[in-house]
Amino acid sequence: MKKIFYILFLIVGTSAGSIAQSKSSLPLDPSVKFIKFYPNPAVSNINFEFQKDYDKFYTFQVYNFIGKKVYDLKTVTPKINVSLAEYYRGVYIYQLRDRTGKILETGKFQVIK
């Protein structure tokens with residue numbers, strides 16, 4: 001019985017090490033955020049502010065939970081204020097993309113009314 005646990009320990013330990021190595025080779029660190037947003041949940045407006053340098057050629061989109069684009073900003077500014085007057089209650093997804101269309105950051109926020 002001890003041999004079985006030892007073998008399982010070796011297998012799990014080896015695979016966990018290889019997973020850690022593959023995650024470290026990812027190009028973007030998901031813990032580094034470009035955008036801070038508040039308040040969350042939001043009622044009437046939500047603010048997005050860049051934490052780092054930004055490029056005015058970034059694009060910013062907001063999608064509802066079923067994937068329909070409800071907001072599209074082609075030229076961003078350091079602070080973006082989105083009015084939620086036309087938004088329904090629910091969860092929304094935001095995406096920040098560079099000029100080639102690559103997603104730099106994505107996140108979600110909630111609208112309550």
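Asp 98 lies in the loop that links strand S6 (90-97) to strand S7 (103-111); here strands (E, at least two residues) are DSSP runs, numbered from the N terminus. The model is a predicted one, in which local features need pLDDT of at least 70, side-chain atom pairs count only at pLDDT 80 or more, and totals for chains, interfaces and linings use all residues. Residues are numbered from 1 along each chain as its sequence is written, and side-chain values use heavy atoms, with hydrogens and water left out.

Asp 98 is buried but has no salt bridge, and Lys 102, the nearest side chain of opposite charge, is 5.8 Å away. Buried means under 20% relative accessible area (1.4 Å probe, protein chains only), and a salt bridge is a side-chain nitrogen of Lys or Arg within 4 Å of a carboxyl oxygen of Asp or Glu. For charge, Lys and Arg count as positive and Asp and Glu as negative, while His and the chain ends are not counted. The side chain of Asp 98 does reach the backbone nitrogen of Lys 102, at 2.9 Å. With the side chain of Thr 100, that of Asp 98 makes a polar contact of 2.8 Å (a pair of N or O atoms within 3.5 Å, one able to donate a hydrogen and the other to accept it; residues adjacent in sequence count only if both atoms are side-chain atoms). Neighbours within four places in sequence aside, Asp 98 is in contact (heavy atoms within 4.5 Å) with Phe 57, Tyr 58 and Leu 104.

S1 and S2 are joined by four bridges, and Tyr 38 has Asn 47 of S2 as its bridge partner. Asn 47 also stands opposite Asn 81 in S5, where S2 (residues 45-50) and S5 pair over five bridges. Strand S5 (residues 79-83) has Ile 80 and Val 82 on its covered face, and Lys 79, Asn 81 and Ser 83 on the uncovered one.

Notes: Buried < 20%, exposed > 50% of the residue type's maximum accessible area, 1.4 Å probe, protein only. Pairing = 2+ DSSP bridges.
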